[in-house]
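Let's walk through this structure together, starting with its aromatic rings and ending at a pocket.

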Amino acid sequence: MSMEVRVAAFDALGKIAVVSEDILLQTLSKRVLGITKEKKYLGQCSAKRKSLDLCIAKHFDRQACVAAGTFLHGLEDEFYQVRWSACHSLHVLTVLSAKFAGKALNLLMDVLNDDSVDVRLQALETMHHMATCDHLKVQETHMHMFLGTLVDNDTLVRSAARKILRLVKQHDLKMFKSLIDGLLEILKECPQDEADILSVLFDIGRNHGNFVVYIIKKFSQEIELSYGGKLDLDSVRVAALLMLAISVPFSEAQKVCIIPPRIFSYAVTQLGRISHALKAVMDQNTLLAYLSHCSKSTMVDNFESYFTMIEGDTPNSCIDVISPAGMPLQQGASENEDQKRLEPRKLATTVLNCQLEVCSELTKSIELILLKINDIWVLVRKGCMAEVLRMFRNCREELATYMNVSLVSADTVAFSLQYLCIMELLAKVWTHFLPPRKIQSHTIGELNLLLEKLDRNLKEMRYRFKGWSKEEELHVLELIVVTCILRLSKVEICCHHVTLKKKLLMIISRAEFLHKEGSIKPSNFFVELKKSLGEIDAYNDGASCSSFLFKGLLESFSLKQFRLSESLKHIKAEMDLTGNDTDPLLFISGLPVGIPLEITLYNVSSENRLWLRMSAPAPEQLTEFVFLDLNQSGGCDEVRKFTFVAPYYRTPKAKSLNLKVCIGMECLFEDVNLINGYYDYGGPTRELAYICKEKEVHLGMID
């Protein structure tokens, strides 16, 4: 029989609307089941009736023989088109009988190992259809094979398997625990599916409230340890357990939530990760309000009504609910006019207190993200870079979710992202200094590029933020010293020993001043560095010996925990040139041209020295600097907004020119000799840290 005929036959089977359950069961077994044996009748029955029943029985026996093993043959066919068609027919027929669906599931589980992605997808689609009809009963023997599809190489297969898990209901605690343990392991293997798996865990928790309460009780100690700073580094596992916990108030099985309120407080620290996973269910503000409410309540009612009220179905009685902005709102009519007049004042106070509380919670969440960096550094020194980069990526994604949250300080988020970027670069550089057996081969060019990026980011962090405490500044200086030593310890990439050592001495001098000024005990790293300075000077003519001493100093470096300060302010600027997108500024070759700029400065004081850099690309490569006199700009340190016309003198003999304009701030603690001589032309005397994005200005010559 040809492949096309077999496909058509199974397609026809899928269109059958009425069929005996006995015949359906026979299609799953090659052995005739004998389900049509002669029946025993109760009471008296005529001979004619018995004869008729025997004829019917023989007819069913013949049909059973024809139907025997139909789907077994179809699902084992050599052609994937036939196997796909057999799965599709089961998709329709499993609706007719729960018993047939249960038997068919055993065959479909084997199909999940099929070589064809299309067949595997159709098998999963059939299971999903069975689950929607409440005919999918996953047994313990099926669990291992089903979880295996969640790590399938094909993205669509993994997604289809997760859709089924959202609907499956377990009635056995042992199987439920096996399912959760499997998902926690899969989270480690498939970080790319993290958001969807966390979302699945939320749905599983809603469907199994009683089981989740048992699981959370078991793992509550693990969650407590993680927020006491004693946990292993698997924050994804903790996020998964928290996701299960916060789903319980939505469960029909749990009319009253008995999850400890502090668990909901811990969930706030994973707000970015959880809100990303639940974006199809609720937005971040609603989630934050929900978690804040649950963290304050000793007993939380079922929350289906909570979201109904948020969406606008206001009950008649006066009820306290939480708005998406996270503040309590009073619904219902007030008792008298006096109360109405007092309500705005009470509400304003309540809103302010709630916002301050939420802001404090979010700041703590960011501090916990920074706390993880010390744990990550332990893995860096062991050379576990795959795990290190995964954890840095997770931290970065979490921090990014706070960028658009109005209650979080933008300065705090900006600093945290900068610090995270620096530590990730430092980790990548550090792998070049580990024993060769722990890392793959690296090129010198790659190391040099990483060190340049690290230098630039450290310089920006040191000078683009103000309000440092002495401890914070010492922490940054220590990172800069480590970067200098890393470069000096590699003879093959370090061509400027004298310059780098001079920079190193300047930083050490600044650190000594801060230690003395703040009565702060120097770290072991600084103590060892000062002891080694004399020895390093003795080896000025021997680069290899000096390099050996620098490598020894790296062993004494130990990363300290950075304590986030609320006084840190981000120095930045915005620059705009209106109308230049369509019409270029006109100039005459050899004569200066004025470039009108709208400039806004944030957290820039009059003590800062700002320069406007204007540079032309190759082949002209003409760069000019213009000093910005802040005493004439007006405004205050927090925000200064003004218009400035910058003169550009070196207009070329060309029809057009694209200038790149940027604002830079002099780094006051950097050595004059470290800059490429711009001060010879009236430019800055020290290195610049750029505080805004480059703006492109289009110039056109007058004909």
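A residue counts as buried when its relative accessible area is under 20%. The model you see is predicted. With a relative accessible area of 1%, Phe525 is therefore buried, and Phe557, at 2% relative accessibility, counts as buried too.

These two residues also form a ring pair. The ring centres of Phe525 and Phe557 lie 5.6 Å apart with the planes at 75°, so the pair is edge-to-face. Phe525 belongs to helix H24 (residues 524-538), while Phe557 sits in the loop between H25 and S6, so to speak a link between distant parts of the chain, 32 residues apart. Around them, ring pairs join Trp377, Trp430, Phe525, Phe526 and Phe557 into a cluster.

The count of aromatic pairs comes to 13. In one of them, Tyr419 and Phe562 have ring centres 5.3 Å apart and planes at 35°, so this pair is tilted. Because Tyr419 lies in helix H20 (residues 410-430) and Phe562 in the loop between helix H25 (543-554) and strand S6 (569-570), the pair ties together parts that are 143 residues apart in sequence. Both Tyr419 and Phe562 are buried.

Charges meet rings as well: Lys572 lies over the face of Tyr602, 5.3 Å from the ring centre, and the charged end of Arg613 sits over the ring of Tyr690, 4.8 Å from its centre.

Now turn to the second largest pocket, which holds about 480 Å³ of space. Among its 21 lining residues, Arg462, Phe465, Lys466, Trp468 and Phe669 are the closest to the centre. Helix H22 gives the most to this lining, with 3 residues. The lining divides into 9 nonpolar, 4 polar and 8 charged residues.

How values were computed
Residues are numbered from 1 along each chain as its sequence is written. This is a predicted model: local features need pLDDT of at least 70, side-chain atom pairs count only at pLDDT 80 or more; totals for chains, interfaces and linings use all residues. Side-chain values use heavy atoms; hydrogens and water are left out. On a 1 Å grid over the protein atoms alone, a cavity is a set of points where a 1.4 Å probe fits but cannot get out, and a pocket is an open set with protein on both sides within 12 Å along at least five of seven lines; lining residues have an atom within 4 Å of a point. Grid points are joined across faces, edges and corners, and a volume is the space filled by probe spheres set on the points. Helices (H or I, at least four residues) and strands (E, at least two) are DSSP runs, numbered from the N terminus. Ala, Val, Leu, Ile, Met, Phe, Trp, Tyr, Cys and Pro count as nonpolar, Asp, Glu, Lys and Arg as charged, and the others, Gly among them, as polar. Rings of Phe, Tyr and Trp (its six-membered ring) pair if their centres lie within 6.5 Å; planes under 30 degrees apart count as stacked, over 60 as edge-to-face and the rest as tilted. Buried means under 20% relative accessible area, exposed over 50%, partly exposed in between (1.4 Å probe, protein chains only). A charge sits over a ring if NZ of Lys or CZ of Arg is within 6 Å of the ring centre and within 35 degrees of the ring normal.
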